[in-house]
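My notes follow the order in which I checked things.

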Amino acid sequence: GTCEFTGDYDLAQQWVRTAAGYLERQSCPFVAAQCRSTYAGVLIAVGKWVEAEEQLLGALQMYESGHRGMGPRVAARLADLRVRQGALEEAEDLLSGLEHLPASKLPLARMHLVRGDTGGSVALVESLLPSDRLQVSHTPAAQLAVEAYLAEGSTAKAEELVTKLVEVAEQAGSQLLQAEAALWRGRVAAAGGKRSLAEGAFAEAAAACPYPDSPLAGRIHLERARLWASDRPAEAIQHARAALACFRALES
């Protein structure tokens, strides 16, 4: 789980392989399902969404045959993937009856944001954030909160939260978190009309991103394309094509 939050996906995959070796010798469906769910989070981040879906469906099957209490957490993670895929009705079905669970709040907040309900998204995601200092485990919720703040025009709130994300990334020493924090710094700067600062932050994000074909890389390219669409169309087109290549890879 720590490897997943900090973006050390190579190490996470090593742990999964080690666990898989153990499970070949010892029958333990509960641990196997947990491993599948964690590994799915890694696969989602690096853009292997089809494989992530297979892992989550397999984990759900394992939980339904035994440890039903853990099933809702996997369902919530699968729902989050469905929202990213644009399958909102299926995500809603997965979360039906689970809305009260903490694990469901992030996918529900993401769903509200996609549907244009920024207020509902902010209310949900803020309930997942601490009142004081952010921890690494809070970064997914904090990133979604920044996006929701920007969508409702609360640039000052977004900037304040991005500062905390930068601190967490630096303390964790994670390239992925640093790349994500730089991306959000760039988005906040762009929202405030600070184009030079935005481009610098996007360039920093691109340099730090450890996975060049990942969804994160695609988002960085897309923001650079948006930034220069009117003034530097040739560069914007290059970044847009690179973003499209990253996003198309999600389908395979």
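Helices here are DSSP runs of H or I with at least four residues, strands are runs of E with at least two, and both are numbered from the N terminus.

This is a predicted model, in which local features need pLDDT of at least 70 and side-chain atom pairs count only at pLDDT 80 or more, while totals for chains, interfaces and linings use all residues. Residues are numbered from 1 along each chain as its sequence is written, and side-chain values use heavy atoms, with hydrogens and water left out.

**Overview.** I counted 14 helices and zero strands in the protein. I then looked up burial, where buried means under 20% relative accessible area, exposed over 50%, and partly exposed in between (1.4 Å probe, protein chains only). Of the 252 residues, 46% count as buried. For contacts I used heavy atoms within 4.5 Å. Among contacts in the protein with a separation of 6 or more, 54% come from residues 24 or more positions apart.

**H5 and H6.** I took axes as lines fitted to C-alpha atoms, for helices over the stretch in contact, with angles from 0 to 180 degrees between N-to-C directions. Angles under 35 degrees count as roughly parallel, over 145 as roughly antiparallel, 65 to 115 as roughly perpendicular, and the rest as oblique. H5 packs on helix H6 (residues 88-95) at about 165°, and their axes are 8 Å apart. H5 and H6 are therefore roughly antiparallel to each other. The crossing of H5 with H6 is left-handed. From H5, I listed Ala75, Ala76, Leu78, Ala79, Arg82 and Val83, which meet Leu88, Glu90, Ala91, Leu94 and Leu95 in H6. By class, the residues of this contact are nine nonpolar, no polar and two charged. The classes are: Ala, Val, Leu, Ile, Met, Phe, Trp, Tyr, Cys and Pro nonpolar; Asp, Glu, Lys and Arg charged; the others, Gly among them, polar.

**Arg82.** Is Arg82 buried or exposed? Arg82 counts as buried because its relative accessibility is 6%. I placed Arg82 in helix H5 (residues 71-85). Its side chain makes a polar contact with the side chain of Glu53, at 3.1 Å. A polar contact is a pair of N or O atoms within 3.5 Å; within protein, one must be able to donate a hydrogen and the other to accept it, and residues adjacent in sequence count only if both atoms are side-chain atoms. Leaving aside neighbours within four places in sequence, Arg82 is in contact with Glu53, Ala87, Glu90, Ala91 and Leu94.

**H11 and H13.** I turned to helix H11 (residues 175-191) and helix H13 (residues 215-227), which pack at about 20° with axes 11 Å apart. H11 and H13 are therefore roughly parallel. Their crossing is left-handed. The residues of this contact are eight nonpolar, no polar and four charged.

**H8 and Ala145.** In helix H8 (residues 118-126), I found Thr118, Gly120, Ser121, Val122, Leu124 and Val125 buried. Their cover includes helix H7 (102-114) and helix H9 (139-152). I looked up Ala145, which lies in H9. Ala145 counts as buried because its relative accessibility is 0%. Not counting residues up to four places away in sequence, Ala145 touches Val125, Leu129 and Leu161.

Definitions and conventions: Left-handed = near helix turned anticlockwise from the far one by under 90°.
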